[in-house]
Amino acid sequence: MATLELRFLGDVAVLHDGTPLALPPSRKTRALLAYLALQPRRFRREHLCELLWEVPDDPRGALRWSLSKLRRLVDEPGRPRIQADRLGVRFDPAGVRIDVTELHELIAAGPDTASVETLESAATRLGGHFLEGLELTELHAFHAWCVAERERTTLAQATLLQALVQRLEGEPARALPYAQALTGLLPYDENLRAALIRLLVAAGHAEEAEQQYRLGRRLLAEIGAPPSERLYHAWRGPPGAAARPVPRAPAPPAPPRVAGALVGREAELATLRQAATAAAGGRAQVVLLCGEPGIGKSRLLAEGGALAREAGARVLSAAAFEAEALRPYALWLDALRAEDCALAEAVFGEEAARERQRLFAGLADLVARETAARPLALLFDDLQWCDESSAAALHYVARMSRGCSLLAVLAGRADELRDNAAVQRALRGLRREGLLTELRLGPLPKPALQALIHAHAPTADSGRLGHQCRGNPLLAIELARAEAAGGRVAESLEELVAERAARLDVEAGEVLQWAAVLAPRISLGALADLTRMDGDRVGVALEAAEAQALLETTEHGPHFPHELIARAVYQRIPPARRRVMHRRVAERLAAGEAPDRELAADLAHHAALGGDPALAARGMVAAGRLCLRFFANEDAASLARSGLQWVTALPEAERVGLELELRDILYSAVPITDWERAAAECVALAERALDHGAAAHARLGYHMASYLRWAHGQWSGAREESLQAERVTRGAGEAEQIAGMAEAARCLAMLERDLGRAEALALEAQALASRRGIPHHAIPAALGMLRFHENRLDEAEERLQEARALSKAAGDRMSEFQANEYLVMIDFERGRLEDACRRCTELVAIGERLREGSEAPYARVLQGLCRYAREDDPGELDRALPALREADARHRLACALSRAALLDLERGRPERARERAHEALEHAEALERATETLLARLALAGACEALGDAAGYARQQAAIERLADAPAAAWARARAAARRAAEA
């Protein structure tokens, strides 16, 4: 029977009889294999879906796809390894060699009992970091498991290496590789580094011993640990010993840089030329270049840009980055800003409309304007890390620009594109609409490889190097450079990078590693802060790294020549140190006095990799709010869920506040299935926040509960919790007092309850806000609603316009929607139907981008109502009403139906009026809404009169009289008075 071997130390590998197999094109599938193989028990399918497929459209389908790919890898004739049924999945490990399992078995048996040769063989086979490159920090549960397993495995590897170093203490040259690997695993252990320095000195590597001494001191300072004299004594000898000489060796020559023409991609270039020609002729084209890393996608993308420029096109280009996968519209913002900041400001600026549909329309309009004058090319690289909003905007722009001179060339890694659900949706849409041409780049042909190698190293053995690089042009170029520089023969890009990095002194190596952690946002200021070096020293270090072709310097600052080089440098950093480095970057971002909102995703990324739960949760809050601001609701919800998992490790006082903030983001981003439970949890969290003296978070919790109850018609509870939110801020700071009073006033005004108290709270909040210069959008919103209720429509409109502007500036889309819906009703009451219809268009655009709720259906109902009033066509209204009924927003149904019933009467449709008014009355009375109750009664009275129902008319008139003292809006009471006057 064939021998199956699974390797999870370093890059994941599956081997049959020693032959490696091609792995599935998904990091999540590889992660699933590790999770199942290293935990030989049965897992529920739901658990695996939640673990690895939080976002895709069909998590169970994604799991089925991954299991089918794994079966082809690990199942054997008569021996299915993946054992799955409808409910659960398990992996059968019997007879399978698994490197991690072998390592733990060796350590459990005791390394002292094994021979040195056995230990050396194990150290060679069992090196590498656990699941390198598969951290998947966006999936908290898997990431937590991965980190725990990595720490456990690192401890086992360290135990193995320490045993080897001790057994080989008398043979320094033989012990050195193991000591170096050991300090790589545990970089902050002073004793281990001192032992390494002694071995280096004993083996005659004095310069490297000095570097290790300096590096050891730097690392101890990095974690705030004062160094002892151990490192110095290991380097220079014990006290009283003669100082050892420190020779300096000349640095090896740097690899040459040779620019070469693109070779071996003639067919792909021909396809790009055809697409560019078609685009120039007025037919939009989208071309996707996909393939493995380093296969030449970026190079071919650049050729596409050159072809577009030759055709007179304007070129906009940008690349997605893994660290910024949740920065909304990152590709579009970067592309526009790189070309012309004014273009970006026109679409995304503070004063521009921020509704998602308008942003999409703004981008499409920009494309239309640009292509009216000349062709336009969009070049988007590394699409596998594209954020959801950029992908959705790309699909929209391409679809709306069919008849424009637009060429979009996209590049992405084939094995990672599948894991990006948003990009997959966009690509499916482009395929359906016949807009997408797909080019999969395979290995370069042999003649092309030889020509490429010859261009960089004319004397090199191009046949041998061509075989080594396996058709990968990036590796071919780097192998040729290394051979031209006289370097040793390497088998991989990682080996080449390691060799070049080893030529750097300790300071240059430090700067290079920090650059890899910061990538793609590498700045001289950040490098100086993080390395604690001055700018001149950082500059010298960057020049040294550039001389080794590890970094490049452009007008935008330092960057890596290729992401794979950055990754190779990053993977040389011990995992324990990576966490410290990421945490320091996150702390630096969090400490900024005026942090760029767009750095929120960076903060979340570094904090998560740094393993700091509080920083990670705060980063998720900042990034989630940014996503909500740009209607990137899926991303916001994903961040909130991830943040809620991070806060579980925090102390109660800190956890409660962050949990409330994260729930606020989650409830704003997605519909809530059990709103009553959610409201109760908000109240419980608010009360716990009060226990810890956190009035601001207590106010937020009560406010959230109040809104949830209001949105679902539980108005008494909404009133009580809104007032409680105001009460808890009375002893807090002025900003919280203002927010508490303003939000309570707005809630009471919306509920038509305690209007006198609402007026007093709003005016008190306004006075305090004016004195302290602390505006809050709920103040003008509350006053606007109150003035609308009083029929003071000019002042109401002015106040609500102010509320709308403040809400937009604050990124509070729900409050912006509420201000707009009241402005629509003011225009409707005044008979300004053109203005009402215009506002409805904006309201629909906002509602459609909010999380699924009653907002979008209500906006479409209002649009239908206004068009009915203007054009006497109730069709649009009738089509929109079922969705609003399904949303179960009784207050909004009562509002729309009562006005529609009055319109029916005016249009001579009394039967329809009576039907609508009955439904409106049922909802209005259940909610104790005086205004809608009065309007519904007026419509019913008119319908009964028109239909000759004298008894019904009398009942409705009596009910209207009983409402004389109800807190109905003044304009509604005026309607009732006008009817009485007409009858008299």
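Over the ring of which residue does the charged end of Arg-907 sit? The ring belongs to Tyr-868, and the charged end of Arg-907 lies 5.9 Å from its centre. Welcome to this structure, which is a predicted model. The protein has 47 helices and 14 strands, and buried residues make up 58% of its 984 residues. The points below go from the whole chain down to single residues.

**Overall shape and confidence**

- Taken along the principal axes, the C-alpha atoms of the protein fill a box of roughly 115 × 65 × 65 Å.
- The radius of gyration is 34 Å, which agrees with the value near 30 Å that a compact globule of 984 residues would have.
- Among contacts with a separation of 6 or more, 68% come from residues 24 or more positions apart.
- The average pLDDT is 86, and 94% of the residues score at least 70.
- Confidence is highest in strand E6 (residues 88-91), at 95, and lowest in helix H20 (residues 462-469), where the mean is 70.
- For residues 242-259 the pLDDT is below 50, yet this stretch has 41 contacts in the model beyond near neighbours in sequence.

**The nonpolar cores**

- In soluble globular proteins, nonpolar side chains tend to be buried together.
- Here the largest nonpolar core holds 99 residues, and the members touching the most others are Leu-512, Leu-527 and Phe-560.
- Helix H29 (residues 613-629) gives the most to this core, contributing nine residues.
- A second, separate core has 96 residues, including Met-741, Leu-768, Ala-782 and Ala-859.
- Setting aside neighbours within four places in sequence, Leu-512 is in contact with Ala-501, Leu-504, Ala-545, Leu-550, Leu-551, Phe-560 and Val-569.
- Val-569, one of those partners, is also one of the buried residues of helix H26.
- Helix H26 (residues 563-571) is mostly covered, with eight of its nine residues buried; among them are Arg-567 and Gln-571.

**Aromatic rings**

- A pair of aromatic rings is described by the distance of the centres and the angle of the planes.
- The whole structure contains 14 aromatic pairs.
- One of them joins Tyr-213 and Tyr-232 edge-to-face, at 6.0 Å centre to centre and 65 degrees between the planes.
- This pair links helix H9 (residues 206-222), which holds Tyr-213, with helix H10 (residues 230-236), which holds Tyr-232; the two residues are 19 residues apart.
- Is Tyr-213 buried or exposed? Its relative accessibility is 13%, so Tyr-213 counts as buried.
- Tyr-232, at 36% relative accessibility, counts as partly exposed.
- The pair of Trp-332 and Phe-380 is edge-to-face because the ring centres are 5.3 Å apart and the planes lie at 80 degrees.
- Trp-332 lies in helix H13 (residues 330-339) and Phe-380 in strand E10 (residues 376-381), so this pair ties together parts that are 48 residues apart in sequence.
- Both Trp-332 and Phe-380 are buried.
- Elsewhere, Tyr-35, Phe-43, Phe-130, Phe-142 and Trp-145 form one aromatic cluster.
- The charged end of Arg-236 sits over the ring of Trp-235, 4.7 Å from its centre.

**A closer look at Val-397**

- Val-397 belongs to helix H16 (residues 388-400).
- Val-397 counts as buried because its relative accessibility is 1%.
- Which residues are in contact with Val-397, leaving aside neighbours within four places in sequence? They are Trp-332, Phe-360, Leu-363, Ala-364, Val-367 and Leu-406.
- The C-alpha atom of Val-397 is 5.0 Å from that of Ala-364, although the two residues are 33 residues apart along the chain.

**Backbone features**

- Most residues other than glycine have a negative phi, and most peptide bonds are trans.
- Ala-519 and Pro-520 are joined by a cis peptide bond, with omega at about 10 degrees.
- Pro-520 sits in the loop between helix H23 (506-518) and helix H24 (524-531).
- Leu-131 is not a glycine, but has a positive phi of about 45 degrees.
- The loop between helix H5 (116-125) and helix H6 (140-167) holds Leu-131, which counts as buried at 0% relative accessibility.
- Tyr-329 also has a positive phi, about 60 degrees, without being a glycine.
- Tyr-329 is in the loop between strand E9 (314-319) and H13, and at 0% relative accessibility Tyr-329 counts as buried.

Conventions
Residues are numbered from 1 along each chain as its sequence is written. Side-chain values use heavy atoms; hydrogens and water are left out. A nonpolar core is a set of buried Ala, Val, Leu, Ile, Met, Phe, Trp, Tyr and Cys residues joined through side-chain atoms within 4.5 Å. Buried means under 20% relative accessible area, exposed over 50%, partly exposed in between (1.4 Å probe, protein chains only). Helices (H or I, at least four residues) and strands (E, at least two) are DSSP runs, numbered from the N terminus. Contact means heavy atoms within 4.5 Å. Rings of Phe, Tyr and Trp (its six-membered ring) pair if their centres lie within 6.5 Å; planes under 30 degrees apart count as stacked, over 60 as edge-to-face and the rest as tilted. A charge sits over a ring if NZ of Lys or CZ of Arg is within 6 Å of the ring centre and within 35 degrees of the ring normal. pLDDT is the predictor's confidence in each residue, from 0 to 100. The radius of gyration is taken over C-alpha atoms; the globule rule is 2.2 Å times the number of residues to the power 0.38.
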